[in-house]
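I opened my notebook today to look up charged side chains and their partners.

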Amino acid sequence: ISSAPPAPVAPVEGELARRRAEAVQAIKAAESSKDSEVLNRDTFVLTWPRPLWSYFDSSAGEWKPLPEGGPLLEEGLAGGLETVALPFHHTLCAASLPQMRLVHPAQGVVALRRSLASESQLNTVVWSVLSQGGTFWEDFPEMLAWLLEQKFASGSPMVDLLVPSGSSFTVDFANMAQVTGDGHYRHVARRLMRAVWERLLPLA
């Protein structure tokens, strides 16, 4: 005489809670192990984020991505230029980098803004390096900034960074400098980014 197998018994609420707790602990342990594995490395690969250039649309009352001309503005900023000619709404316009604005023959003065992905993280420590021309601070990517902060907090004297192109450099915490293999250096800064509220002033 065959008998049907017993029906599975649904776990009680306490058992489900225990399983959920074990799963959460397993995830935390995996993340902790991954973080430790990363922090124990001596060399880190640097991937730089692409800056986002925006313009203020006065009719919409909001910032919008610049449709074209961003690379030209970036090259001008890196080269220390004050004025850059760029296309804006099918018209060649003159953009002032010190004043962060351009002049359009029909729309008048248009405000410009440059931002990075890391700027969305407020009240966090930000690591930056001075541009080659010494004109502005360039923020390290968020993940790399986190690694630098962990190494800095642990007392490590320096960290080696590898660029995908094949070059490498070292961040020297004692001298707060980024040093290449041939001895060239750029200043490095560590600062706390706080939430800032801005208002757009009318331009004359």
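Is Glu74 buried or exposed? I looked it up in this predicted model, and Glu74 is buried, at a relative accessible area of 19%. That falls below the 20% cut-off for buried.

Next I checked the partner of Glu74. Its side chain meets that of Arg114 in a salt bridge, with N to O at 2.8 Å. I noted that this pair links distant parts of the chain, 40 residues apart: Glu74 sits in helix α2 (residues 70-78) and Arg114 in strand β7 (residues 108-115). Arg114 is buried too, with a relative accessible area of 18%.

Then I turned to Asp139. I found a salt bridge between Asp139 and Arg191, whose closest N and O atoms are 3.3 Å apart. Asp139 belongs to strand β9 (residues 137-139) and Arg191 to strand β13 (residues 185-193), so this pair ties together parts 52 residues apart in sequence. Asp139 is buried, with a relative accessible area of 3%, while Arg191 is partly exposed at 34%.

I also wrote down a network: Glu74, Arg114 and Glu138 are joined into one by salt bridges that share partners.

My last pair was Lys64 and Asp57. They form a salt bridge, and their closest N and O atoms lie 2.9 Å apart. Lys64 counts as partly exposed at 26% relative accessibility, whereas Asp57 is buried, with a relative accessible area of 12%.

How many salt bridges did I end up with? The count comes to five.

Conventions
Residues are numbered from 1 along each chain as its sequence is written. This is a predicted model: local features need pLDDT of at least 70, side-chain atom pairs count only at pLDDT 80 or more; totals for chains, interfaces and linings use all residues. Side-chain values use heavy atoms; hydrogens and water are left out. A salt bridge is a side-chain nitrogen of Lys or Arg within 4 Å of a carboxyl oxygen of Asp or Glu. Buried means under 20% relative accessible area, exposed over 50%, partly exposed in between (1.4 Å probe, protein chains only). Helices (H or I, at least four residues) and strands (E, at least two) are DSSP runs, numbered from the N terminus.
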